[in-house]
Amino acid sequence: MSEPLLVITNSGAGTSDAESLERALAVLRPHRSIEVEATSEPGELDGVLHRAGSRTVVVAGGDGSLHAVIAALYRRHDLGKNTIGLLPLGTGNDFARGTGLPLDVEDAARVILDGTPRRMDLLVDEVGQVVVNNVHVGAGAAASRRAHRWKGRLGSIGVGKVNLGKLGYPIGAAITAWNPPVVRLRVEVDGVVITDLDTPVLQVAVGNGASVGGGTDLTPDADPGDGRVDVMISRATGPVARFVYAARLSVGSHPEHADVDYLRGEQVTVSGEEFWISADGEIFGPERRRSWRLMPAAYSMLLP
């Protein structure tokens, strides 16, 4: 056996996740020495990573779990030391989708055995918080706030992962669509002002990865390994424009909308009226200013 694995899972995961993890481990164990550690809070995670050494760190979870591990490694200044693997056990699994990782855990386990390390970019804001996949403000963040509440309510209806929790995303989006927040923001990309405070904005997305909310391609051309970040600014604030934008968003053609700017860069600053932020699914705010800069090739991940 070679290349030992440290598998990190969420100690609060349900029975269904535990069964999925066991199926993945059954694929891995004949070929690798494995230690499995369950953590429930940042202190435990930090302690586990302190003992990681040079082992491949396998995240058994969703986008939130991946974010937590990457953020902890970044804080520890250990991000480039360990290759990362992912067993997608989450609800949305957007980062896995965007990188071509199979959503079947046994197939994902085979990628950990046979995949190729690829350098991944990372977004870091001015207070040192990281974004692995996507950060957005405006209507999307409002939808995410509502989706979190509905996901929690509906997640208790059903058994294990076979529950109504995933309906939280479309319900949050539908409610927000009726009365979306419109804010006046100044958006700068690499120091160039793309939109200013005199123009109301529906949504701004800064995408390292392509999709959010379980498969909505908010920044459809984003590639977390291309050394650039995709920026999408929607000014579709009128009722008709919002309808057209939402229809295009559902099929990923919204960058062609007349009220949308879509560009690439390395640093993005958003400022102006108070706004909420959804960063890798976590909600922050209200804020008046936030900047993100790209760290190219920040870590290695095993991909097909």
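Me: Which residue in β4 does Val-58 stand opposite?

Reply: This is a predicted model, in which local features need pLDDT of at least 70, side-chain atom pairs count only at pLDDT 80 or more, and totals for chains, interfaces and linings use all residues. Residues are numbered from 1 along each chain as its sequence is written, and side-chain values use heavy atoms, with hydrogens and water left out. Helices (H or I, at least four residues) and strands (E, at least two) are DSSP runs numbered from the N terminus. In β4, the residue opposite Val-58 is Gly-85.

Me: In which sense do β3 and β4 pair, and what is the hand of the crossover between them?

Reply: Two strands pair if DSSP finds at least two bridges between them. β3 and β4 have five bridges, in the parallel sense. A crossover is right-handed if, with the strands pointing away from the viewer, the path from the first strand over the helix to the second runs clockwise. The chain passes from β3 through α3 to β4, and this β-α-β crossover is right-handed.

Me: Is β4 largely enclosed or exposed, and which residue of β19 is the bridge partner of Ile-84?

Reply: Buried means under 20% relative accessible area, exposed over 50%, and partly exposed in between (1.4 Å probe, protein chains only). Five of the six residues of β4 are buried, so this strand is largely enclosed by the rest of the structure. Two bridges join β4 to β19, and these strands run parallel. The partner of Ile-84 in β19 is Met-301.

Me: Why do the buried residues of α8 line one face of the helix?

Reply: In α8, Ala-241, Tyr-245 and Leu-249 are buried, whereas on the other side residues including Phe-243 and Ser-250 are exposed. The arc is that of the directions from the helix axis to the C-beta atoms. Seen down the axis of α8, the buried residues line one face because they fall within an arc of 70 degrees.

Me: Which strands do the buried residues of α8 pack against?

Reply: Contact means heavy atoms within 4.5 Å. The buried residues of α8 pack against β13 (203–207), β15 (216–217), β16 (229–234) and β17 (260–265).

Me: Which residue in β16 does Gly-207 stand opposite?

Reply: Five of the five residues of β13 are buried, so this strand is largely enclosed by the rest of the structure. β13 pairs with β16 in the antiparallel sense over five bridges. In β16, the residue opposite Gly-207 is Asp-230.
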